[in-house]
Amino acid sequence: MTLLFAEDGLIVNLSDPEEKTMDRLIEKAEKQGYHGRVKKFTDYKQLCKALSKPRLLVFSLPHGGVGDKVLEGLMPNLEKGDIILDCGNEHFANTERRQAKCRGTNIRYIGCGVSGGYQAARAGPSMCPGGDESALRDVMPLLEKVAAKDKDGKPCVGIIGKGGAGHYVKMVHNGIEHGMMSAICEAWGILVKMGLGYEEIGNILKKWDSNGELKGTFLITIGADLSHKHDDKQDIKGNEHPLVISEVLDKVVQDVTGEEGTGVWSNQEAIEHHVPAFTLNVAHAFRLASAYRGDRIKANEVTDGGFPPQQLNIHDKDSFIEDLRKATYAACLASYIQGMHLISRADQAHKWDINYGNIWKIWRAGCIIKADYISDEILAPILLSSSLKAENIHLLFQKRVATDIRNAYPALRRIVSKVVETDQVAPALSATLEYYKIVTGTDLPTAFYEAELDYFGSHMFDKKGEKGTNGPLEGKFHFEWKPVRTQSQTYGSAPSQ
Ligand SMILES: NC(=O)C1=CN([C@@H]2O[C@H](COP(=O)(O)OP(=O)(O)OC[C@H]3O[C@@H](n4cnc5c(N)ncnc54)[C@H](OP(=O)(O)O)[C@@H]3O)[C@@H](O)[C@H]2O)C=CC1
Ligand SMILES: O=C(CO)[C@H](O)[C@H](O)COP(=O)(O)O
């Protein structure tokens with residue numbers, strides 16, 4: 001981002017604990033022609049003195065304590081009107097705590113999620129700012145300049161809402177990202193078990209990316225690209241120029257190492273706000289299980305080899321692959337439905353006054369969940385509608401979304417049955433099938449669950465056919481399923497003293 005700001009004509013005063021990191025960056029800036037635009041500072045006082053007023057300080061830090069420490073170090077050197085633009089993946093509650101702390105000295109703290117990875121950070125990321133309205137208005141011209149641009153040349157940035165809304169929406173972006181990544185890697189695993197080569201799979205992904213419901217999906221675009229990349233070194237077996245993907249080990253660890261937090265937080269938030277986020281929850285559990293590779297190896301030994309996916313012998317490969325494409329889309333769509341559901345619930349609870357049209361803008365390009373078809377066909381008509389209200393945003397209730405679910409559902413079911421039959425690994429695809437069944441179902445086995453709850457806990461239930469039983473309200477009936485018995489009636493005799 002330093003180089004991006006320098007490219008756009010800004011003078012960047014840099015501060016990093018590693019002087020070598022700053023030196024390397026300055027060298028890069030010089031090589032790229034931004035002569036004298038990047039300067040290093042090892043001392044906050046000098047750094048703040050050198051900045052023009054009102055000062056703009058951009059954070060790109062690990063979440064949690066580091067941000068607190070940096071803020072504490074900076075605050076004595078800041079003045080009324082200065083702005084902090086926190087571009088890390090910070091927890092929204094930390095953002096709001098810091099906003100409250102800064103308010104006392106009239107320093108303005110913006111929580112601004114940034115997406116697109118390190119390549120987008122250099123070329124222009126998608127940016128998701130929230131917080132103080134005056135500060136946001138002050139920084140918007142700069143953000144519009146540096147942000148990614150969509151296919152119409154519009155910047156992928158917009159004011160999201162009050163308080164921690166920007167960081168919250170970015171957190172949910174990552175939750176959706178995890179649901180989509182899970183579905184896509186599961187589809188990849190199934191294609192591998194069909195006996196297709198990595199590069200053949202890359203070609204299939206390229207087709208998915210060019211047409212239909214997965215058209216212009218960033219994670220499919222990069223999936224197609226990475227499938228063809230060769231290493232210039234030998235692999236462990238001595239093969240020359242192996243495909244890099246053939247060497248990658250099967251573990252995703254950043255939730256466990258604590259390096260990133262968004263996956264954990266978005267699922268905690270879904271539970272906190274009572275949002276059934278099947279695809280996101282299961283995608284997260286899949287990542288967690290994958291992280292502990294050592295445990296998996298041990299359990300594999302204990303279970304005499306575990307339950308490895310069988311080779312798939314598919315007669316009509318083309319129609320199976322088409323089913324797989326639709327199933328993958330169904331899970332990507334479910335991830336969006338669940339993520340948007342969560343945002344609207346949190347928006348109502350926190351009164352953030354979220355601008356949903358701006359979420360559409362921010363997710364249109366430059367970010368990891370960019371998906372052209374979903375953006376153009378699903379989100380635009382809903383999120384850009386002038387009559388939109390937070391309490392009405394549930395994509396699942398939209399006819400346009402329902403049509404796509406109906407179209408994809410049979411393919412999803414066929415894929416999941418094959419998955420079950422042959423032990424393929426497809427947690428997000430399977431959970432998505434359950435999600436669609438359950439959230440559209442009106443005769444669930446939870447009737448029996450409810451009866452058991454009332455049997456042992458007198459938790460009450462409602463009766464079929466009664467009026468006003470649709471909401472999450474406690475039931476009005478209790479049935480005495482079994483009379484309460486004394487200890488001696490239960491165990492024969494009272495215990496001796
Ligand atoms: N990587 C990505 O694709 C994306 C990352 N993000 C978010 O952006 C933020 C930065 O990510 P990323 O660049 O990948 O992370 P890194 O860990 O690579 O960078 C973090 C930076 O913070 C510095 N730092 C660490 N501790 C301190 C401290 N006590 N005081 C001052 N600076 C400190 C590090 O310095 P040094 O290492 O030199 O000691 C480093 O320059 C994170 O919040 C991340 O979640 C958001 C979107 C995409
Ligand atoms: O925020 C991001 C993308 O949007 C970052 O790339 C982040 O590092 C991804 O990590 P995680 O999978 O843990 O969210």
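## Around ligand 2

Helix 8 (165-193) and helix 12 (262-272) each give two or more residues to the shell around ligand 2. Helices here are DSSP runs of H or I with at least four residues, strands are runs of E with at least two, and both are numbered from the N terminus. Keep in mind that this is a predicted model, in which local features need pLDDT of at least 70, side-chain atom pairs count only at pLDDT 80 or more, and totals for chains, interfaces and linings use all residues. Residues are numbered from 1 along each chain as its sequence is written, while chains are lettered from A and ligands numbered from 1 in the order in which they are written.

Which residues surround ligand 2? They are N89, S115, G117, N174, E177, Q254, E260, T262, G263 and I368; a residue counts as near if its C-beta atom, placed from the backbone, lies within 6 Å of the molecule. Sorted by class, this shell has seven polar, two charged and one nonpolar residue. Ala, Val, Leu, Ile, Met, Phe, Trp, Tyr, Cys and Pro count as nonpolar, Asp, Glu, Lys and Arg as charged, and the others, Gly among them, as polar. Both domain 1 (43-159) and domain 2 (170-439) supply at least three residues of the shell around ligand 2.

## Around ligand 1

Now turn to ligand 1, which has 18 residues around it, the closest being E18, T21, G88, N89 and G117. Its shell splits into seven nonpolar, seven polar and four charged residues.

Which helix gives the most to this shell? Helix 4 does, with three residues. Strand 5 (108-115) and helix 6 (117-123) are also among the elements that supply at least two.

## The chain and its domains

Stepping back, the protein chain holds 21 helices and six strands, and its C-alpha atoms fill a box of roughly 85 × 60 × 60 Å along the principal axes. Of its 497 residues, 40% count as buried, meaning that 20 or more other C-beta atoms, placed from the backbone, lie within 10 Å of the residue's own.

An automatic or database assignment sets the domain bounds: domain 1 (43-159), domain 2 (170-439) and domain 3 (443-497). How far apart are the C-alpha centres of domain 1 and domain 3? They lie 53 Å apart.

The unreviewed UniProt entry places "domain: 6-phosphogluconate dehydrogenase C-terminal" at residues 166-482; such annotations may be inferred rather than shown by experiment. Over residues 166-482, the chain is 61% helix and 0% strand.

Note on methods. A residue is buried if 20 or more other C-beta atoms lie within 10 Å of its own, exposed if 12 or fewer, and partly exposed in between; C-beta atoms are placed from the backbone.
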